[in-house]
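These are my notebook entries on one structure, written for someone who has not seen it before. I looked up one topic at a time and wrote down what I found.

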Amino acid sequence: KDACGDLQQKLHNEHDAFKRETGALQATIDRLKEEVKALKEQLHKSKEEDGAALKSAFGEAETQEQRANQLFASNSKLRQQLEEVNEMNQRLFGDVHQLSVGWNEVQTQMKEKDEIWGKLLTEECGK
């Protein structure tokens, strides 16, 4: 049971770590999207500025947007991995439960057989 508990704790810790990581990535994505929005608004307001400054701001907005999209893709991938880990966790818990039930049945059968053999030996050898 200690190994099962250790395994359950490890899976729980990994699950929590995935949750924290996806939450942090989502916060970064949201922040980057706001930055992209602000940069795009700045870009529209600065149409009268010279072309070099305008190109720079637009390039930065595109870079931030690409970064936000990359983080969104990473976040989606991490969420999928979290779902897969949860599914594996559930299957593993089921397997551990089945093994525990089987082990208990075997122990019960062995105890019953020991008792039967003990009685037979007493009857046969005790005469």
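**Entry: Thr22**

I began with Thr22 and found it in helix α1, which covers residues 2-45; helices here are DSSP runs of H or I with at least four residues, strands are runs of E with at least two, and both are numbered from the N terminus. Thr22 is buried, with a relative accessible area of 6%, where buried means under 20% relative accessible area, exposed means over 50%, and partly exposed lies in between, using a 1.4 Å probe and protein chains only. Leaving aside neighbours within four places in sequence, I found Thr22 in contact with Asn75, Leu78 and Arg79, contact meaning heavy atoms within 4.5 Å.

I noted the basis of these values too: this is a predicted model, in which local features need pLDDT of at least 70 and side-chain atom pairs count only at pLDDT 80 or more, while totals for chains, interfaces and linings use all residues. Residues are numbered from 1 along each chain as its sequence is written, and side-chain values use heavy atoms, with hydrogens and water left out.

**Entry: helix α1**

Next I looked up the helix that holds Thr22. Helix α1 has 44 residues and reaches 64 Å from its first C-alpha to its last, close to the expected 64 Å at 1.5 Å a residue; the expected span is 1.5 Å times one less than the number of residues. The buried residues of α1 are Leu11, His15, Phe18, Thr22, Leu25, Ile29, Leu32, Val36, Leu39 and Leu43. For the spacing in such a list I wrote down a general rule: an α-helix has 3.6 residues a turn, so residues three or four places apart point the same way.

**Entry: the nonpolar core**

Which residues make up the largest nonpolar core? I listed nine, namely Phe18, Leu25, Ile29, Leu32, Ala68, Leu71, Leu78, Leu82 and Val85, a nonpolar core being a set of buried Ala, Val, Leu, Ile, Met, Phe, Trp, Tyr and Cys residues joined through side-chain atoms within 4.5 Å. Helices α1 and α2 each supply at least two residues of this core, and α2 gives the most, with five. In soluble globular proteins, nonpolar side chains tend to be buried together. I then followed Leu82, which touches His15, Phe18 and Lys19 when residues up to four places away in sequence are not counted.

**Entry: salt bridges**

How many salt bridges does a search of the whole structure find? I recorded two, a salt bridge being a side-chain nitrogen of Lys or Arg within 4 Å of a carboxyl oxygen of Asp or Glu.

One joins Glu35 to Arg31, with the closest N and O atoms 2.5 Å apart. Both residues lie in helix α1, four residues apart, about one turn of the helix. Glu35 is partly exposed at 29% relative accessible area, and Arg31 also counts as partly exposed, at 44%.

The other joins Lys40 to Glu65, with the closest N and O atoms 3.2 Å apart. Lys40 lies in helix α1 and Glu65 in helix α2, so this pair ties together parts that are 25 residues apart in sequence. I found Lys40 partly exposed at 33% relative accessibility, and Glu65 partly exposed at 32%.

**Entry: along helix α2**

I placed Asn89 in helix α2, where it counts as buried at 11% relative accessibility. The C-alpha atoms of Asn89 and Leu7 are 82 residues apart along the chain and separated by 9.5 Å.

Glu115 also lies in helix α2 and is partly exposed, with a relative accessible area of 45%.
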